[in-house]
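Please open the structure in your viewer and keep the selection tool at hand. The stops below move from one residue to the next and end with the whole chain.

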Amino acid sequence: MKISSFLIVLSFTFLSITANSQEKLVQTIRGSVVDKESQIPIPGVNIVILNSDPQRGAITDDKGTFRFEKVHVGRQSIQISYIGYKTQILDNIYLNSAKETILKIELEESITTIDEVVVKATVRKDQPINKMATISARSFTVEETNKYPGSYGDPARMAANYAGVMSVRDNRNDIVIRGNSSTGLLWRLDGIEIPNPNHFAASGTTGGPITILNNNLLANSDFLTGAFPAEYGNALAGVFDLKMRTGNNEKREYWAEFGYNGLEFGAEGPISKKTNASYLITYRYSLVDIIDLLGAEVETTKYQDLTFKLNFPTKKGRFTILGMGGKSYIEMFDSNDDQKDWSFAQWGEDLSNGSDIGTFALSYTHFFGTKTRMQTALSTYGSKVTTQIDTLSVWNPNPSNWAGEKTSEVKASFTTHINTKINARNTINYGFKYDRLFVNFADSSIVNGNFRTDTDVSDNFGISQVYLQYKHKFNNNLELYTGLHGQFLDLNNTYAFEPRLGFNWSLNDKNSFKIGYGLHSQAQLRVIYFTQTELPDGSIEFTNKDLDFSKSHQAILGFDHLFNDNLRLKIETYYQYLYDIPVKENLPEYSVLNYGAEYFIERIDSLTNDGTGRNYGIEFTLERFLNNNFYFLITTSLYESKYSGYDKKERNTAFNGNFAINALGGYEIKVRKNNALNIGLRFTYSGGRPYIPYNVQETINRTEEVLDWNNAYESHQDNYFRANLRLGFKRNRPKFSVEMSMDLQYRTNYTSVYERRIDPLNGEIHYYTEMELYPMASWRIQF
């Protein structure tokens, strides 16, 4: 809090400084134009900077590239047009004085007849980058991860503003999509599957308190929430399909940032100007590490991460080397505190946790003529989680071991994707992916006074995935998507085939109607397969090893209405039926559909694929894209999320809050000629999550936590309300630019309970909530 307060004071001090530069600053806009389907460069494209005086234009060269020098900094809009293609307008591109703006523009070929005229210019900023995604998908920009209040530059926290998406808790970025478990989320980076990209990640989860992903390196990316295309497999809930930009291949540029996420340094530039090869790299060190180096006494919460991308163009393609890694460690020791500050009145805990992740990929994209391209990649990723929990009491103040975990996974992958644009109407994609996983799981805890080992194994196995997808455009307003995905798990010889279907009908320039369907399947969390059961004779059996894939039928109807080029209404309604869900016979209320509600994925043995679930609801999105310095996004989600355990009784899932309302908006104020002040507000109101109450008497009798499964998920937490205020200031100077921002988060008395704990000695239940007022600030310089 002291550091945050210092940064806030520094922010307002900076805002009070008069931006005294009267000189109109300029910068370069350059980039390339490619065909949307084939990604082949298009020469001869006309590009115009709108509202320029005098009007400025350019034509792409034989490599599809263009360039504008000495463009005024601030907001600019450009129009891109070419005969036979739909004209495109890019609105409100922000130019700063320290960094060139490099654009990759994708033009869509028009389906025309001889007597048709040029297609009207269109502006659809919500459309996904993936051309096969017809419904429940949208793109997002790096600027949105920065400007949305409460996002803190984190794609997952930003996505929590979208319809159908809810945060699990404030102090982590796990997200629930349409009532599904957060473990059903797939993360991809440049077409490569990556592990949970967050610091302090628990085994099997997809979120964490602090993201490793660096938005300074990301390009525009996609977020999908249902019935996604066949190229995405082994996921039930949603997909983050992230793109990393390439470094500047002409000029060296640098940046430094200090704030909530730590101290960061980054650089980009050419490796060889002759070959247009480039590099992009950033390193971040945690704020607590820095404070510790200065000699201050702080709680041990440390992390660091490194991300890079190297790009090597060739005559007919490009090689790319990508890497990302992070280390984090936290200690929370009651033994270092006075007894009055322990977790409970008469006993306390010492907890330490460390998590490391890393991924490395080598990929090559090759263009076969003007119709076909192939991307092939070799990649590997590893993750490791270590946890130790010791307990102490007033009777025995020396910490003694209560539970521990040491898990690691390494995955080696081969992936190939082939895309062929047959003609303007027809495109076909197909691909193959093989993963080989090497796992080491070991964890144990004291149960009923004795140590119980849940996992203790080293093994390896493979999973293969194949897909085929096809899109046909009947005309400029009507398109059909079909796809098929298949996967095979050689650990137990289980397999799944999954058809996908999408239909998009633009009724006119203002209205469109969409339908989507998909059968999706997901393998169980790896640690679940290796949870062991001790038999009466003392031998060990892996009773979960033969579990089948969990599966989900997903059907979606959607309607879009454009009031104008900058204001749209989207309505989607969906129904999901989940089946083959692992449940437990002698704990009939249990289901893996509730995974992700707590920090730790509990190891439960003797599971069977006899459970089901249902998610259904309706979502409303009203969005104004940035225009005349103002934007807003209002989303409402009304939904039900149910599951049935082994007893076939339908219950609420842990994520069935029934409703969520988000409203955010912002205004950009121009200050003098070269600077801007940004003000943003966000409000969130959502239903309280269901939970399993404690069986207080049994907890006291056994002196260990006992849940009341007979009343599982019948009680709800209080409804939740939160408000965020964001202030940002951008200052451009001839040789550098500076950006400062402050996020102020306010939680009312209805704040979300992020943890409940029961004292097994007296049955007293403790509720842990976040701070009511939570400020965070950052400072960034580019040069």
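In which loop does Pro54 lie? Select Pro54 and you will find this residue in the loop between strand E2 (46-49) and strand E3 (56-59), where strands are DSSP runs of E with at least two residues and helices are runs of H or I with at least four, both numbered from the N terminus. The peptide bond that joins Asp53 and Pro54 is cis, with omega about 0 degrees.

Before going on, note that this is a predicted model, in which local features need pLDDT of at least 70 and side-chain atom pairs count only at pLDDT 80 or more, while totals for chains, interfaces and linings use all residues. Residues are numbered from 1 along each chain as its sequence is written, and side-chain values use heavy atoms, with hydrogens and water left out.

Next, select Asp190, in the loop between strand E11 (185-189) and strand E12 (192-193). Its phi is near 50 degrees, a positive value in a residue other than glycine. Asp190 has 17% relative accessibility and therefore counts as buried (buried is under 20% relative accessible area, exposed over 50%, partly exposed in between, with a 1.4 Å probe and protein chains only).

Then move to Thr703, which sits in the loop between helix H6 (696-702) and strand E41 (715-716). Thr703 is not a glycine either, yet has a positive phi of about 55 degrees; at 48% relative accessibility, it counts as partly exposed.

Now select Lys421, which lies in strand E24 (residues 400-421) and, at 5% relative accessibility, counts as buried. If neighbours within four places in sequence are set aside, the residues in contact with Lys421 (heavy atoms within 4.5 Å) include Asp35, Glu37, Tyr85, Glu109 and Lys371. Selecting Asp435 as well shows a C-alpha separation of 28 Å from Lys421, for two residues 14 apart along the chain.

Finally, zoom out to the chain, which has six helices and 46 strands, and of whose 783 residues 57% count as buried. Colour by pLDDT, the predictor's confidence in each residue from 0 to 100: the chain averages 89, and 93% of the residues score at least 70. Over residues 1-19 the pLDDT is below 50, and this stretch has 29 contacts in the model beyond near neighbours in sequence. Residues 113-120 also have a pLDDT below 50, with eight such contacts. Where pLDDT is low, the predicted coordinates should not be read in detail.
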